[in-house]
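Keep the sequence and the structure in view as you read.

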Amino acid sequence: MSRSNVMSTYGRFDVTFEKGFGCKIYDTDNNEYVDFVSGVATNCLGHSHPIIVNALNEQSSKLMHISNYYWSPEAIKLAEILCKNSDHEQAFFCNSGTEAVEAALKLSRKYGRLASSPDKHKIIYMTNSFHGRSMGSLSVTGQGKYQENFAPLIGGTVSIDFNDIDALNNAFDENVCAVILEPIQGEGGIISANIDFLKEARRLCDKFDSLLIFDEIQCGMGRTGSLFAYKKFNVIPDIVCLAKALGGGFPIGAIIANSRCSTSLVPGDHGTTYGGNPLACAVSFAVVKELTEGGIIDSVDEKSSYLVDKLNLLKSKYSIIDDIRGMGLLIGIKINVDPKTFVAECLKEGLLVISAGKDIIRLLPPLNVTLEEIDSALSILEKVLSKFR
Ligand SMILES: *Cc1c(COP(=O)(O)O)cnc(C)c1O
């Protein structure tokens, strides 16, 4: 097996994984690891969950793909359960987070044009944000390291400092069609939005007839302890972008939109061949049902405080930890040593974690992680921490 045939777009660790069960994953030499990355907040039910495996088996032997020119019960059921559990009326399905963001941006541009004129096309985005890698989503990703090699990006975008209410007011006018933000910035370093900032964004969007887009691709689907992060902040966006845990490890993305804007896109405006295929929708429906009705989301807050309390004990013991932050099972440990080295040490000891921002170690266990599994992760973490003393 030659790794050189795979394009080098990721700084991959020297490990090849073969199988996983729940919170445990195994490499090709059968070494066991505790997985607190979960495919970056994707495998919300852990690996090989029977509910996902069954949905895949059943649906794949029935119907995997049709065209979006036809209906499938699976897509209808998934749209229904998402809308029933949110403040939104309609869903659009795609295959990834980037595509969900892309759909939200296009919907907003069309909304602005319908509401006013082509001049209403301005999109406000946040510094330190991450929304994806396509030219559109990259154009609203407020990090130079991602943007700089790919200029010129799309026009009509304005970046402001995240959580800066004055900057938001200054950037706003009647030509704004949308504001896009993550309620909790994931990639950028587990940075929460201030509630006052979100409320002001909501107020300004209402005042100027603009759309508020929440990118919940990482923080949504139960990770904060609520199916949607916006419910924890009590500010309702017009559009929510979803992906990652929406499929529990199977590729699917979506936006859900309220009745204010969900009909702005009409046949021919936007689409995708694979988006909303019966297989992805059947898996996603099973995942959403298990998350909402299986008591898993309800257990997130308790697991979160258990984990955070113990992390705070480690913080008082090890001076390389500066801060513990986050919400639910989206946890950041701010450290004052190189995070890449730290992550590599954890891998060596059998724990998968991932870095975020400049100095954050991100913990993203599956939402059905047990307290015992949290304890095994913590004991490996402490072993690694003690090496850095
Ligand atoms: C991962 C992520 C994306 C991009 O999703 P892909 O499925 O990789 O395209 C967008 N926004 C946020 C907040 C993310 O965490």
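Q: Is G357 buried or exposed, or partly exposed?
A: Buried means under 20% relative accessible area and exposed over 50%, with partly exposed in between (1.4 Å probe, protein chains only). G357 has 35% relative accessibility, so this residue counts as partly exposed.

Q: What kind of model is this, and how are residues numbered?
A: Residues are numbered from 1 along each chain as its sequence is written, and side-chain values use heavy atoms, with hydrogens and water left out. Local features need pLDDT of at least 70, side-chain atom pairs count only at pLDDT 80 or more, totals for chains, interfaces and linings use all residues, and the model is predicted.

Q: Where does G357 sit?
A: Helices (H or I, at least four residues) and strands (E, at least two) are DSSP runs, numbered from the N terminus. G357 lies in the loop between strand 16 (354-356) and strand 17 (360-363).

Q: Which residues does G357 touch, not counting those up to four places away in sequence?
A: Contact means heavy atoms within 4.5 Å. G357 touches E187, G188 and G189.

Q: How many helices and strands are in the chain?
A: Buried residues make up 53% of its 389 residues. The C-alpha trace spans about 60 × 55 × 45 Å along its principal axes. The chain has 13 helices and 17 strands.

Q: Which residues line the largest cavity?
A: On a 1 Å grid over the protein atoms alone, a cavity is a set of points where a 1.4 Å probe fits but cannot get out; lining residues have an atom within 4 Å of a point. Helix 13 (residues 371-387) gives the largest share of the lining, three residues. The lining is F36, L307, L351, L363, A377, L378 and L381.

Q: What is the volume of the second largest pocket?
A: A pocket is an open set of grid points with protein on both sides within 12 Å along at least five of seven lines. Points are joined across faces, edges and corners, and a volume is the space filled by probe spheres set on them. Of the 29 lining residues, N68, W71, A91, F92 and F93 lie nearest the centre of the second largest pocket. Its volume is about 990 Å³.
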